[in-house]
Amino acid sequence: MQAADNDSPRWNTPGAGNPFIPGYFADPTIRKFTVNDANGKPRDVFFLYATTDGTGNGYGPAQVWASYDFRNWQNIVMNWPVTEVVWAPDVVQQPDGSFRYYYCRPCEVIVGESKSPIGPWRNILGTKPDAVFVPDRFVHNAITLDPQLFRDDDGQEYLYFCTWGIYKDFGCGVAKVNGKTLGEKKLILNTELKDIFEAPYVFKRNGIYYFTYSSGSCHDDTYRVQYATSKVGPMGPFEYKGCILKTNADQTVHGPGHHSILKEGDRYYIVYHRHNLPRSVHGFNRQVCIDEMKFDAEGNILPIEPTHTGLSLNSPLERDLSFGAKVTASSYYDEWFKPEYAVDDNNATLWKARGTNWGQGGRGGKPEWLQIDLGKKHTFTEIWTQFEYPTFFYQYKIETSLDDKQWTLFSDRTQNTTQGSPMIDYLPLTPSEGVGTGKTKKRNVKARYIRITITDTQKNGHIPAIWNVRVWKEAPELPYSEETARGNASYPGMHKKDVETEERMNAHRAAYLLNISDAARHEMSPFDVDHLTTPAGITFHANKSLRARIKDGRWALFFNGSQHLSSDQPLSRLYSYNAAYTISLWALQTEPDAVETVVSLSSSRADLATTELRLGTDPRTGLVNHNGSFESYGAPETVRSAVGQWHHWLLTFDGWMERVYRDGELVHEQNNFIMVRPEGRITIGGDADGANHFKGYISEVRILPRATTAEEAKENFERSKDASLPSLGDDDFDESDPDSRFTLSPTMKKVFSQDEARLSAQTADFNNDPLHNGATILKEVEGDFVLMAHLSDMEGLQTHSVKGYNEAGIFLREELATATDSVQASNAVANSKLSTLNSPLIHLGVFPLYNCGNMLTVLSPQGRPQFPNSKGYDFDPILQFERRGNQLFARTSRDGVKWTNMPGSPIEVSSKKLSLGIYQTTYTPTTSWAILKDIVIYQ
């Protein structure tokens, strides 16, 4: 094994060696262990343990790549753990020959053990599968993540872990590992490890301890590898030395980091991940690369120039028969995903079809296919297919032909439910041909043409795509049999499709069409609407009656800022995961707010689990929200310029690109990856929590399980743009929300007052136990009430340098003390997801960082949805909660006269009894303070 030449090829040069793994994987740990092969012979095998990436937020099964030669790799899904998050794994062989598997989830480390480097694994603590070995903040001011183990020459083991080490007085935690317990521990400060963010990796060379780590943001080009050294010991003190790996000049190696080190003889190699090309919007489609690490005479690590070549092997490089062959395909997405990329033996490039297999992208439901012309007749035994997502299965068939006319079935995997990379297909010898031995167990096939037809994918919305097709006369040897590689797949849903083919045949039933003109066909005057039913029989119920009237030439429903329609059934499963969809509507907005939501497809609060079309002014999530900070986006000026006029809005996604059109013109586009969960309900006029309401008119809504092209978007606008209906004589219609106006009732009396309160929480665990970490109850109440307070100061406010994550304000806590309350709370959970049986806490405060301003938060075991008004340091200082029946209004004001509803308000509350109070927290061990004045409760 040797490093590549300095003259590195381009990222898409055929045969380029970086990335060396076909697929999206991150946080790699490279190891070499000696294991017995199928014949019981000890052999060295390279193992690559990594986070499964390209699935949103690093979700996916525990898996490992194995190779004899560092060139031909196979992926193996392991039995444990079966949790959704398996981040930054590391495996270390113990002196007794057994293996330990370290992995993390936010924010704790769990350890397994096995006799084999691929499992089966079990938790070393032996209590339950997810028993925690290292809890969060086990070392003070070290957030527990990214575990890596180092064993010193004396056999003592040290476990390192950290993330967000950049905070003041933070850094990396380290602890001695003594058997199955942890001993001496220490914080290595970020004054020694400059700009440390995460991903520690320690190794020793010539008596020097090298502490390497990643800095910057893993989402962008600032991510890089730096290092410090110590001659004292593995716990330091360390001296910062500098950056050794960073984004290259042309940015084709982008955001390299979270690495491990491989020592082969006297050579050292760094294995790291980088972002894919074209770069995903989240930065979580990462790929694994390798380059040589060199040292100067004093032992300093020389800057590493990342290459696209990677490693050259000492043995001659063997190319398969398909390398560089002529290729045709049913379609391809664009120039980034050309068909020839499937035969270029380069893991940075892949062929991706134009659409999924059920009609998106203009294919009319026809399967996508890739055809290879080998140039002449060849004899071969195996075909390896490396699909885009190795840990999910694909259904396909392979055919061969001598003349491109008569085709013979080579392999039928149209019912396949097994994942793998590579997928290995061959024709076994028949009994009459003899059983053969070794590589002769596979029949020789003669053909010039090979066609792979992908008939379906396990995950809904995965576009047919292939990294490489490799055709072998005699295939290279892989460490494990196909049976072993597939045998540990116990991850939930591993062998189950999201959507069966039969469901897709009834796609028309998954179309949601609401046309107000149809409902008003026989009406001659305005009328109230309590529900609407789609042609497919799905009924949408209004939380409060909506007025249907003609507004500027169109029949429309008026939404006053506290009204919405909710479906009586969840979203169809055809929209699940990454599926293509279209949402279109005609809307006239009367008053914009930060995150006004027009359509919400799901009640789920999980990462990337919903799609919401918004008409808000928030630059980050004001146009589209997916419960993801990178996948969501805004277009504030486009929204503001549309107020007071009818416009046609269309949001569409084809499985790769998401686009928003206004009146047929493109507003925004970006590649996206989403994981929609069809839970709860579809909501029109607000979000699924009954909050973030739209203010204005909606004329029609269409939700379809397919993508829309640019031409179709324009046609949809042109076809429906006429708005010429005469007024019905109700032009004086009141477009305000009577329930949102605030006037203190003369029947309400002051039941509590306090001139001033200085708050300073001394503990950080507000989200887990607010009443013991910064929240103070002032009074318990039943029935309607008003709670108000004025934030007059907080540390650093005058200089716009608030300390820590300082937040302060008012709160209420639901008291679910009786059986009646529990029943009501259960109903509220089903309807709003904001009330639970575990005393949810709703707080309204001032949080000026990140341009949040005022922040409304619902804290419960179901999640922690937050609704800022995006005013930053220009926040409203006066805070108010008002309860009217089962609705809670959260408002803010600058002067106590004019009040504004917060995004997310009103919220449904069901408990009879509520605890009211005030709070302050920084959410971290860093303490701060805030002052509230004029605290008053009326009833």
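Two strands count as paired if DSSP finds at least two bridges between them. Helices (H or I, at least four residues) and strands (E, at least two) are DSSP runs, numbered from the N terminus. With that settled, here's a quick tour of one sheet and one helix. The model is predicted, so local features need pLDDT of at least 70 and side-chain atom pairs count only at pLDDT 80 or more, while totals for chains, interfaces and linings use all residues. Residues are numbered from 1 along each chain as its sequence is written, and side-chain values use heavy atoms, with hydrogens and water left out.

**The sheet as a whole**
- Five strands make up an open sheet with antiparallel pairing, in the order β22-β24-β29-β26-β27.
- The edges are β22 (326-329) and β27, each of which pairs on one side only.
- From one strand to the next, the twist averages 20° (axes are lines fitted to C-alpha atoms, for helices over the stretch in contact, and angles run from 0 to 180 degrees between N-to-C directions).
- As background, strands of a sheet pair through backbone hydrogen bonds, either parallel or antiparallel.

**Walking across it**
- Starting at β22, four bridges tie this strand to β24 (residues 368-380), antiparallel; Thr 328 sits opposite Gln 371 of β24.
- Next, β24 and β29 (residues 445-457) pair antiparallel over nine bridges, and Thr 379 has Lys 446 in β29 as its bridge partner.
- β29 in turn is joined to β26 by eight bridges, again antiparallel.
- β26 (residues 394-401) then pairs with β27 (residues 407-413) through six antiparallel bridges.
- Ser 401 is worth a look: its bridge partner in β29 is Tyr 449, and in β27 it is Trp 407.

**The β26-β27 hairpin**
- Five residues lie between the two strands of this hairpin, where Asp 404 takes a positive phi near 70°.

**Helix α5**
- In α5 (residues 710-720), Ala 713, Asn 716 and Phe 717 are buried (under 20% relative accessible area, with exposed meaning over 50% and partly exposed in between, using a 1.4 Å probe and protein chains only).
- Looking down the axis of α5, the buried residues fall within an arc of 95°, so they line one face of the helix; the arc is that of the directions from the helix axis to the C-beta atoms.
- An α-helix has 3.6 residues a turn, so residues three or four places apart point the same way.
- Glu 711 and Arg 719 are exposed on the other side of α5.
- The buried residues of α5 pack against β36 (581-589), β40 (646-653) and β41 (657-662), with contact meaning heavy atoms within 4.5 Å.
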